[in-house]
Amino acid sequence: MFDTLTAMPADPILGLMTKYRDDPRAYKIDLGVGVYKDEIGHTPILTCVKKAEQHRIDTETTKVYIGPTGSADFNLLLTQLAFGHDNPALLANRIRTVSTPGGTGALRVAADFIQRASTRTSSGQAVIWVSDPTWANHTGLFEAAGIIVKTYPYYDYDSKSLKFDEMKAALTKVGPDDVVLLHACCHNPSGMDLSTDQWDQIVELTKDQGFTPLIDMAYQGFGDGINEDAYGVRKMAAAVDTMILCSSCSKNFGLYRERIGACSIMGKDSASVNVAFSVLLYVVRCLYSMPPAHGAAIVETILGSPELKQEWLDELKVMRDRINGNRIMLVNKLTEKGAPGNFDFIVQQKGMFSFLGVNQEQVALLQQNNGIYMVDSSRISIAGIGLTNVDHLAESIANVL
Ligand code: LMR
């Protein structure tokens with residue numbers, strides 16, 4: 001049976017991790033996968049996580065199955081974090097949440113749910129619209145669920161800005177049978193976010209067109225802050241009948257390998273969302289039966305304790321400030337080293353990523369000659385920059401340009 005298979009290329013993002021690890025050069029720089037790094041290139045375990053983990057070890061009494069929804073406390077606390085405590089949809093009992101294996105798990109659950117719930121095209125497939133560009137794995141995971149993936153314009157590589165008018169024009173043609181994926185904040189890969197005013201317009205358009213929004217929130221707290229980054233999610237939830245939210249605790253809690261996230265569905269009333277939830281649970285059961293519990297236990301311990309929550313918010317701010325500081329540092333260094341062009345857009349963009357704006361050949365040269373690793377599209381993970389490598393980085397970029 002295996003003889004009929006042809007090899008798949010390595011994942012464009014994860015493949016870089018292995019390549020980087022195997023590179024013996026001491027001066028190599030990892031700007032590949034979206035993982036927070038401190039000044040010495042280490043991805044630390046947050047202090048609040050260590051404390052919560054110790055607390056769980058001391059108090060946990062069983063490892064019995066947790067069930068397809070995962071932990072009810074985690075689900076509630078994370079839903080409140082995303083939608084806000086006083087969200088009318090939450091107060092009206094119109095939201096249901098399951099814990100999932102990471103944000104990717106949440107998206108895959110959402111994908112299978114959409115394929116079951118949507119009015120299909122004549123080919124029997126649902127349709128989802130994603131931004132051009134979007135996270136490299138979005139397309140694969142929706143297609144794996146049998147969904148047709150279409151794109152709407154989003155980022156203009158030449159002017160390094162949002163193609164907002166084109167985006168709106170494209171979404172004006174999307175009908176109520178389809179789903180539109182939006183990035184809540186820290187757009188991956190471009191770092192180019194909607195302003196609050198642009199969110200307001202997209203929310204209005206969603207209401208008018210009647211399509212279902214699926215918001216992917218993988219970086220809450222990495223842009224401007226926990227509440228600021230949830231602006232679009234909260235505005236959308238207050239305005240439409242139906243939406244889906246996929247969240248991740250990988251980055252903001254630094255729980256990458258624990259695989260914890262959540263998929264929330266919001267319906268027009270409590271009764272209809274209960275029916276939808278039964279379908280969501282069926283999907284979970286078929287995909288992986290039930291989510292891992294450890295990461296959820298850590299997050300619920302943190303969010304459930306005022307002291308630990310404050311400690312977490314402080315640690316999150318340190319990560320956010322470092323990334324923003326790196327953005328400024330890189331632009332200053334590029335200017336200092338005489339790199340041609342204007343790089344101010346890097347400072348204006350949000351979250352872990354920006355496109356450097358070099359071509360694929362230059363990306364390859366940077367890797368080959370300078371040990372600098374980034375995704376082929378020239379997406380750079382800003383957290384990989386530090387005081388000790390920024391000179392080598394800026395010099396190499398100036399040279400290749
Ligand atoms: C990224 O985009 O680098 C992260 O979301 C990690 C991943 O799984 O791709």
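Modeller: Contact here means heavy atoms within 4.5 Å. The model under discussion is a predicted one.

Colleague: On that basis, which residues of H8 and H10 meet?

Modeller: From H8 come Thr196, Trp199, Asp200, Ile202, Val203, Thr206 and Lys207. Their partners in H10 are Tyr231, Gly232, Lys235, Met236 and Ala239. Sorted by class, this contact has six nonpolar, three polar and three charged residues.

Colleague: Why are H8 and H10 called roughly parallel?

Modeller: Helix H8 (residues 196-209) and helix H10 (residues 231-239) pack at an angle of about 30°, and their axes lie 10 Å apart. Angles under 35 degrees count as roughly parallel. The two helices are therefore roughly parallel to each other. Their crossing is right-handed.

Colleague: What makes H5 oblique to H11?

Modeller: The axes of H5 and helix H11 (residues 270-287) come within 9 Å and cross at roughly 125°. That angle makes H5 oblique to H11, because the range for roughly perpendicular runs from 65 to 115 degrees and roughly antiparallel requires over 145. The crossing of H5 and H11 is right-handed.

Colleague: Which residues meet between H5 and H11, and how do they divide by class?

Modeller: Arg108, Val109, Asp112, Phe113 and Arg116 belong to H5. They meet Ala276, Val279, Leu280, Tyr282, Val283, Val284 and Leu287 of H11. The division is nine nonpolar, no polar and three charged.

Colleague: How do you know that the buried residues of H1 line one face of the helix?

Modeller: Within helix H1 (residues 14-22), Gly15, Leu16 and Tyr20 are the buried residues. Viewed down the axis of H1, they fall within an arc of 130°, so they line one face. Arg21 and Asp22, on the other side of H1, are exposed. The cover over the buried residues of H1 includes strand S1 (29-30), helix H15 (360-370) and strand S12 (372-373).

Colleague: What puts the buried residues of H6 on the same side of that helix?

Modeller: His138, Leu141 and Phe142 are the buried residues of helix H6 (residues 136-144). They cover an arc of only 100° around the axis, which puts them on the same side of H6. Gly146, with a positive phi near 85°, follows H6.

Colleague: Why is Asn93 called partly exposed, and where is Asn93 placed?

Modeller: Asn93 has 41% relative accessibility. Buried would require under 20% and exposed over 50%, so Asn93 counts as partly exposed. The residue sits in the loop between helix H4 (88-91) and strand S2 (95-100).

Colleague: Is Cys186 buried or exposed, and what is its phi?

Modeller: The relative accessible area of Cys186 is 1%. Since the limit for buried is under 20%, Cys186 is buried. Its phi is positive, about 50°, although Cys186 is not a glycine. Cys186 lies in the loop between S7 and H8.

Colleague: Which residues does a cis peptide bond join in the loop that holds Pro189?

Modeller: Asn188 and Pro189 are joined by a cis bond with omega about 25°. Pro189 is in the loop between S7 and H8. The bond from Asp132 to Pro133 is also cis, with omega near 5°. Pro133 belongs to the loop between S3 and H6.

Notes: Residues numbered from 1 in each chain as written. Predicted model: local features only at pLDDT ≥ 70, side-chain atom pairs only at ≥ 80, totals over all residues. Heavy atoms only, no water. Buried < 20%, exposed > 50% of the residue type's maximum accessible area, 1.4 Å probe, protein only. Helix = DSSP H or I, 4+ residues; strand = E, 2+ residues; numbered from the N terminus. Arc of directions from axis to C-beta. Axes fitted to C-alpha atoms, helices over the stretch in contact; angles between N-to-C directions. Left-handed = near helix turned anticlockwise from the far one by under 90°. Nonpolar A, V, L, I, M, F, W, Y, C, P; charged D, E, K, R; others polar.
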